[in-house]
Amino acid sequence: MNAFDTLKKKLGTFLLVRLALHHVWQSGPGLMIGSSILLLVQGLLPLLTLYVTKLVVDAVTAGVAAPDKAEAFKTVLRAIALAGGTALLSAVLSSVSAIVRELQQIAFADHMQDIILRRSVELDLEYYENASY
């Protein structure tokens, strides 16, 4: 397989992906935008989790050396609560993403079924009654 064939194959794949995305967009632009935003936020959430973990470690380290242990304990608790909030946010976003994905699948299936039905109505009745078919 030469470079031209490889390029041709990749271009064909790209065009199929483009066509698929076009149909997904037509089936529900709002769902596609929502799904994309959720995907972006869920992609950034591990960075937030990592940063919050750093805050917890920093708070514990500072609390060990702090003269006021009560205030240091409150700071550690705030950092732990923030970590818990981040975990809760991750779980909620995961659930919302699953719901959006399910709605998008239903909308896409309905859209494709509509396209198939419209095309089948456009065909001549002779196409369906052909014995050789």
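In which helix is Q104 found? Q104 lies in helix α3, which spans residues 69-122. The model is predicted, with local features requiring pLDDT of at least 70 and side-chain atom pairs counted only at pLDDT 80 or more, while totals for chains, interfaces and linings use all residues. Residues are numbered from 1 along each chain as its sequence is written, and side-chain values use heavy atoms, leaving out hydrogens and water.

**Secondary structure**
- The protein has four helices and zero strands, helices (H or I) being DSSP runs of at least four residues and strands (E) of at least two, numbered from the N terminus.
- The order of elements from the N terminus is α-α-α-α.

**Overall dimensions**
- The radius of gyration of the protein is 27 Å, whereas a compact globule of 133 residues would have one near 14 Å; the value is taken over C-alpha atoms, and the globule rule is 2.2 Å times the number of residues to the power 0.38.
- Along the principal axes, the C-alpha atoms fill a box of roughly 90 × 40 × 20 Å.

**Burial and contacts**
- Of the 133 residues, 17% are buried (under 20% relative accessible area, 1.4 Å probe, protein chains only).
- Contacts (heavy atoms within 4.5 Å) between residues at least 6 apart in sequence join residues at least 24 apart in 72% of cases.

- Q104 is buried, its relative accessible area being 13%.
- Beyond its neighbours within four places in sequence, Q104 is in contact with V24, L31, M32 and S35.

Terms used. Buried < 20%, exposed > 50% of the residue type's maximum accessible area, 1.4 Å probe, protein only.
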